[in-house]
Amino acid sequence: MHTIPLNKKNLSTLEGFIKVPSYDLESIETGIVHIGVGGFHRSHQAYYIHQLLEQGQGGDWGICGVGLREEDREINRVLHQQDFLYSLVTQHPNQTTHSEIIGSMTDFILAVDEPQKVIDVMAQANTKIVSMTITEGGYNFDPHTLTFNFDNPLVQFEIQHPDQPQTVFGFLTAALKIRKEKGDLPFTILSCDNIQHNGDMTRNMLMSFVERQAPSLVSWIEEHVCFPNTMVDRITPVTSSETREYLHIHHHVHDEWPVICEPYIQWVIEDTFSNGRPKLENLGVQFVQDVSPYEKMKIRLLNAGHSVLGIPGALYGHPTIDACMRDSVFSEFMRKFMDEEATKVVGKIEGIDLEEYKNSLENRFVNPNIKDGLSRICSQSSAKLPKFLFPTIKENLLSGASIKYGTFVLAAWCFYHWKRVDNNNHPIEIIDDLQDQLHQYAKASQHDELSFLKLSTLFGELSEEERFIQVYKRSMDMLNAESNIREVMNHMLSN
């Protein structure tokens with residue numbers, strides 16, 4: 001049978017082949033504007049709103065997506081072509097798969113083409129939340145001082161031309177200015193990015209920008225706008241051609257940009273909102289006073305666990321996280337890191353059994369259907385490791401606890417950038433804004449084994465800690481003596 005293009009007109013035909021929305025798509029009102037519509041947003045926040053709509057509770061909380069970059073042009077084309085519908089394919093560890101059409105998006109605006117339309121939809125009174133998944137880079141902060149980067153040419157342009165926003169901060173400021181002038185309540189600004197204290201970071205960066213561009217807004221924002229911290233979690237690999245083909249064969253759906261994900265989903269949010277919120281607690285979302293313990297747990301265990309598997313795994317030649325987990329040496333190495341190093345710094349968390357949580361991570365990582373490629377896991381490690389792994393090493397240095405597994409990963413990271421090939425001599429796909437610098441410092445390790453640590457913008461004071469240096473040297477010596485990284489890891493586990 002031929003495939004059926006995904007759009008509203010064809011939903012009644014598709015209903016015989018795949019689960020379609022039971023709610024009236026035309027009656028949904030936009031209550032959320034989301035900046036940065038990628039796979040994760042569509043598997044997580046948009047899915048939660050879809051579930052609310054299925055329960056008859058989310059009619060005021062439809063999502064208008066916004067793309068700020070020229071690179072968002074393709075998702076803009078696909079979503080408009082598909083009437084903002086997309087397929088979500090959830091793959092379970094037992095090989096079962098659940099597929100459904102998600103209808104919680106009401107629109108998508110490409111800001112580079114229609115900047116005023118973005119401002120207008122944010123400024124309309126019905127918009128009660130502006131959320132975002134814009135990656136660390138979108139927050140425009142200096143990674144060392146955590147201060148706003150005013151040298152960014154886009155920011156400099158916006159300060160001189162407030163009516164021509166280009167960054168998230170320019171758009172937020174323009175829309176909030178209108179809300180204030182109209183006497184409307186502001187929207188909540190809800191970060192859904194993997195940044196510790198993401199709401200606080202968003203507030204700090206926005207206020208820095210506003211103080212320079214629109215100082216008359218400062219006190220109003222401070223008094224009225226909420227920036228809840230959040231912790232989000234759902235493994236969402238990059239969409240592959242296999243996913244599209246699966247939908248063709250099994251559901252007769254032609255979807256140009258479906259989303260694939262695991263069944264596990266988690267969202268923890270501080271319950272501070274400027275202007276109302278959806279009843280997400282009905283779906284298991286945790287609303288708490290302080291999200292810090294939960295985000296620390298996720299960053300130090302899940303996110304760091306990915307890097308602990310991914311960097312050595314890429315050097316060895318494993319293609320995906322699940323392949324690493326099926327290798328007993330890699331899976332035991334990661335569990336040792338979690339038990340002996342990460343757990344030491346996470347502490348007790350209300351409502352969480354850490355042993356169960358770590359077990360769940362192992363089950364999720366080994367899911368054979370979630371082919372989470374190591375090139376994605378290791379991408380931008382220069383931005384990830386200082387947040388996911390360095391703090392655990394630093395805290396364990398202070399307490400005298402083990403640092404050998406985390407430090408070994410940093411030595412492996414040096415070899416990853418030095419060699420740029422795996423143990424089978426196949427090229428490693430490296431995606432990192434600092435890859436040229438990292439390669440330069442890593443390659444110099446053949447003459448000076450501490451050379452990599454001299455990249456002070458990354459390692460800072462860590463490179464001056466004597467115990468860390470000793471452990472790092474031992475790791476480098478082992479890697480220099482044995483070309484097969486798996487053998488080195490196995491030796492570490494047996495000693």
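Which residues touch the most other members of the largest nonpolar core? L410 and W413 do, in a core of 76 residues. The model is predicted; local features need pLDDT of at least 70, side-chain atom pairs count only at pLDDT 80 or more, and totals for chains, interfaces and linings use all residues. Residues are numbered from 1 along each chain as its sequence is written, and side-chain values use heavy atoms, without hydrogens and water.

View 1. A nonpolar core joins buried Ala, Val, Leu, Ile, Met, Phe, Trp, Tyr and Cys residues through side-chain atoms within 4.5 Å. Buried means under 20% relative accessible area, exposed over 50%, partly exposed in between (1.4 Å probe, protein chains only). Leaving aside residues up to four places away in sequence, L410 touches (heavy atoms within 4.5 Å) L385, L389, F390, I393, F452, F459, L462, F468 and Y472. A second, separate core has 45 residues, including L85, L247, V253 and W267.

**View 2. An open sheet of five strands.** The order is β6-β3-β2-β7-β8, with parallel pairing. Strands are DSSP E runs of at least two residues, helices H or I runs of at least four, numbered from the N terminus. Two strands pair if DSSP finds at least two bridges between them. β6 (105-110) and β8 (188-191) are the edges; each has a single partner strand, so one side of each lacks a neighbour in the sheet. Five bridges join β2 (residues 30-35) to β3 (residues 62-67). H34 has G65 as its bridge partner in β3.

**View 3. S399 in helix α17.** S399 belongs to α17 (residues 390-399). S399 is exposed, at 56% relative accessible area. A polar atom of its side chain lies 3.4 Å from the backbone oxygen of N396.

Methods. Polar contact = N/O pair within 3.5 Å; in protein donor to acceptor, adjacent residues only side chain to side chain.
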